[in-house]
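Please read them with the structure open.

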Amino acid sequence: MTSHFPTTVTFLLVLLLANSASAANDTGPATPSECDAASLGECYNKPEALRLKLIAIGTILVASMIGVCLPLFSRAVPALRPDRNLFVIVKAFASGVILATGYMHVLPDSFENLSSPCLPKNPWSKFPFTAFVAMLSAIFTLMVDSLMLTFYNRRKVSKAMVMDHESPTHEMVPVPHGHGHGHCGVPQLDADGKDGQEAVLLRNRIIAQVLEMGIIVHSVVIGLSMGASQNPCTIRPLVAALCFHQLFEGMGLGGCILQAEYGIKMKAILAFFFATTTPFGVALGIGLSNVYQDNSPTALIVVGLLNASSAGLLNYMALVDLLATDFMGPKLQGSVKLQLWACLAVLLGSGGMSLMAKWA
């Protein structure tokens, strides 16, 4: 079922944003005049903006493909294999990019959308909806993460008990509380660690799926915003910023997909959706540019809530499932030098992505 997450999320986003566009077109005169004029900007040039957006579709697609595919082909490069130190450092850098994306790009955009003067003061100015939705999104991600592992562990315990009853010579080895945990803190059920490895693999697959879902939500929204804009002065720096963003965010996602050990078909599906979602959002924005008003109340609310949800998910995934898992894991805990290099990589990734917020 989780393999259909990208398709389902993209479909729902298209429905929501199409509804937003039609609602914005219907309300027309009800929107304040300053909100209508704000979308034009001081650098309005529709032909030039269209040319830049077509360039953006190609360049962002290429950058996304390179970013997400580099880790998937890293097994051919000995220095970039998952068990090598360089892979850990590169993944730490990419995790820093994902963390900064949530805090420095998605969250401020949501605050800006939901605190816009184009929205009614009641209730949007009376309550911090962005922080509330981001908090709920992080809690929901935790619940999904926890429940999936719980169901898996119960299934494994049930199978182990059946085997124990069916085979008189089979003796289950008890594991004391607090011991025998795998890389992600999942208890192992037998002495040889096979069940613990399977639990870690499941955890990695959950991380890859949920992270992909959060990235897709954000990518469609930011692509739509660029595609609907007619301001070349805004689009030009966005193209470079989004290429940088997609390249390193793709490396972070690609590392998670690699560790999930999917088959080639599933890897291709996840890579395809990541690489094409932002260009798809740009194309959708171009198609809706005549009816979509990014300052209409419906558009501001829909995009603001989606951004808040994506921010909570990305922040949780970056801190808990990526950074905390690696930094508290045996590889980094066993080497202070490698841990310091990984810390530096996180700071460089988050710092570089934070700097991009100046243009994006």
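Is Gln246 buried or exposed?

1. Gln246 is buried: its relative accessible area is 1%, and the cut-off for buried is under 20%. Please bear in mind that the model is a predicted one.

2. Gln246 belongs to helix H8. In sequence, 182 residues separate Gln246 from Ser64, yet their C-alpha atoms are 5.0 Å apart in space.

3. Helix H8 covers residues 232-260, and helix H3 covers residues 46-72. The axes of these two helices come within 7 Å of each other and cross at roughly 20°. Angles under 35 degrees count as roughly parallel, so H3 is roughly parallel to H8. The handedness of the H3 and H8 crossing is right-handed.

4. For the overall make-up, the chain contains 12 helices and 0 strands. Read from the N terminus, the order of elements is therefore α-α-α-α-α-α-α-α-α-α-α-α. Of the 360 residues in the chain, 47% are buried, and Gln246 is one of the buried residues.

5. The surface carries a nonpolar patch formed by Phe127, Phe132, Met135, Leu136, Ile139, Met143, Leu147 and Phe151. Together these residues have about 740 Å² of accessible area.

6. Ile139, one of the patch residues, lies in helix H6, which runs over residues 129-166. The relative accessibility of Ile139 is 39%, so Ile139 counts as partly exposed.

Definitions and conventions:
Residues are numbered from 1 along each chain as its sequence is written. This is a predicted model: local features need pLDDT of at least 70, side-chain atom pairs count only at pLDDT 80 or more; totals for chains, interfaces and linings use all residues. Side-chain values use heavy atoms; hydrogens and water are left out. Patches are made of residues with over 30% relative accessible area and no salt bridge: like charges are joined within 9 Å, nonpolar side chains (Val, Leu, Ile, Met, Phe, Trp, Tyr) within 5 Å. Accessible areas come from the Shrake-Rupley method with a 1.4 Å probe; for residues, only the protein chains shown count as cover. A salt bridge is a side-chain nitrogen of Lys or Arg within 4 Å of a carboxyl oxygen of Asp or Glu. Helices (H or I, at least four residues) and strands (E, at least two) are DSSP runs, numbered from the N terminus. Buried means under 20% relative accessible area, exposed over 50%, partly exposed in between (1.4 Å probe, protein chains only). Axes are lines fitted to C-alpha atoms, for helices over the stretch in contact, and angles run from 0 to 180 degrees between N-to-C directions. Angles under 35 degrees count as roughly parallel, over 145 as roughly antiparallel, 65 to 115 as roughly perpendicular and the rest as oblique. A crossing is left-handed if the near helix is turned anticlockwise from the far one by less than a right angle, and right-handed if clockwise.
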